[in-house]
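Subject: Structure handover

Hello,

Here is the structure for your files. Please keep it open while you go through the notes below.

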Amino acid sequence: MFAPVARIEAIRILIAFASHMEFTLFQMDVKSEFFNGLLKEEVYVKQPLGGKIDNTLFLKKRGRNLLIVQVYVDDIIFGATADSLCEEFAKLIGSEFEMSMMGELNFFLGLQVKQSPKGISICQQKYIRELLKRFDMEASKVIDTPIATATRLDMDETGFPVNQTMYRGNIGSLLYLTTSRPDIIFSVGLCARFQSNPKKSHLKAAKRILRYLKGTHDLVLYYPSGESFNLISYADADYAGYLVDRKNTSGMAHFLGSCFISWGTRKQNSVALSIAEAEYVAAASCCAQLLWIK
């Protein structure tokens with residue numbers, strides 16, 4: 001399942017908040033019934049009146065206690081600084097819908113979550129093992145970096161073409177992995193730019209990322225408890241680094257205290273005439289994301 005980026009970031013913010021406040025997260029699932037059969041007429045679906053939800057992260061205060069809820073389709077994550085609030089919420093939502101209480105949060109949208117009194121960690125170790133097996137890279141040689149510092153990918157017009165379906169499947173799988181692995185986001189984003197006409201050089205760069213993942217499959221994002229909760233952001237830009245059109249690449253990283261909650265890299269829309277202009281565009285994009293988080 002490929003969850004929208006904003007939803008994944010909201011989940012990371014929730015986990016960081018729960019770790020900071022030192023409370024346990026729980027998971028509930030709506031019992032769903034699926035229609036199995038052939039439809040013989042057209043079916044139209046529309047949003048019910050009053051049912052539009054623009055934000056799926058909810059907060060509720062009661063005195064000095066706080067309840068926080070994250071909703072994604074039929075999955076619900078929730079936690080509170082008081083056990084009574086969790087019990088009340090579970091009872092309330094269970095009275096309106098048929099729900100399955102799944103206990104403490106440990107697996108959500110492909111993310112493996114491990115909670116402890118000292119903090120919370122998230123990773124995608126199981127997904128990486130499946131990824132290496134799917135693309136026959138289990139026996140590959142491990143490499144220390146996801147991309148070589150001298151790598152300068154271009155369209156490679158004279159290069160040997162490779163299977164587009166296989167290449168796109170590889171890149172799509174790696175893009176989902178960036179939800180917990182910020183260390184590969186630049187290299188995956190660079191390889192993703194050549195999906196329309198991939199060549200052997202592009203596939204080699206993508207396979208290097210898989211070789212790197214084989215040696216680093218046990219890395220996790222760790223959110224320690226009781227840390228400071230200041231929101232800090234960083235931005236940078238690679239001036240004219242993309243060889244095809246000489247556009248810049250922006251990069252950003254956002255922390256809540258020491259919790260790494262959001263990151264991104266993307267090619268800028270315009271061609272900058274100076275390093276200062278490239279940095280300005282990157283900073284503006286970073287601030288926009290910062291405002292969304294706040």
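Helix α7 (residues 275-293) lies across β10, β11 and β12 and runs at about 150 degrees to β10. Axes here are lines fitted to C-alpha atoms, for helices over the stretch in contact, with angles from 0 to 180 degrees between N-to-C directions; contact means heavy atoms within 4.5 Å. Helices (H or I, at least four residues) and strands (E, at least two) are DSSP runs, numbered from the N terminus.

This is a predicted model, in which local features need pLDDT of at least 70 and side-chain atom pairs count only at pLDDT 80 or more, while totals for chains, interfaces and linings use all residues. Residues are numbered from 1 along each chain as its sequence is written, and side-chain values use heavy atoms, with hydrogens and water left out.

The sheet under that helix

β10, β11 and β12 form an open sheet of 3 strands in that order, with antiparallel pairing. Two strands count as paired if DSSP finds at least two bridges between them. β10 and β12 (259-267) are the edge strands, each pairing on one side only. From one strand to the next the twist averages 10 degrees. Between β11 and β12 there are 8 bridges, and L256 stands opposite C259 in β12.

β1 (residues 26-30) is joined to β4 (residues 75-80) by 4 bridges, and the two run antiparallel. In this pairing Q27 stands opposite I77 in β4. β1 also pairs with β5 (residues 99-104), again antiparallel and over 4 bridges; there D29 stands opposite S100 in β5.

Aromatic rings

Rings of Phe, Tyr and Trp (its six-membered ring) pair if their centres lie within 6.5 Å; planes under 30 degrees apart count as stacked, over 60 as edge-to-face and the rest as tilted. By this rule there are 8 aromatic pairs. One of them is F194 with Y242: the ring centres are 6.1 Å apart and the planes at 55 degrees, so the pair is tilted. F194 lies in the loop between α5 (185-192) and α6 (200-215), and Y242 in the loop between β10 (231-238) and β11 (249-256), so the pair ties together parts that are 48 residues apart in sequence. Both F194 and Y242 are buried (under 20% relative accessible area; exposed is over 50%, partly exposed in between; 1.4 Å probe, protein chains only). Ring pairs also link Y234, F255, F260 and W263 into a cluster.

R12 lies over the face of W263, at 3.9 Å from the ring centre. R193 lies over the face of Y242, at 4.6 Å from the ring centre.

Cysteines

How many disulfides does the structure hold? The count is 0, a disulfide being a pair of cysteine sulfur atoms within 2.5 Å. For C86, the closest cysteine sulfur is in C259, at 19 Å, which is too far for a bond. C86 is buried, with a relative accessible area of 8%, and C191 is buried at 1%.

End of helix α5

A192 lies in helix α5 and is buried, with a relative accessible area of 19%.

Regards

Technical notes
A charge sits over a ring if NZ of Lys or CZ of Arg is within 6 Å of the ring centre and within 35 degrees of the ring normal.
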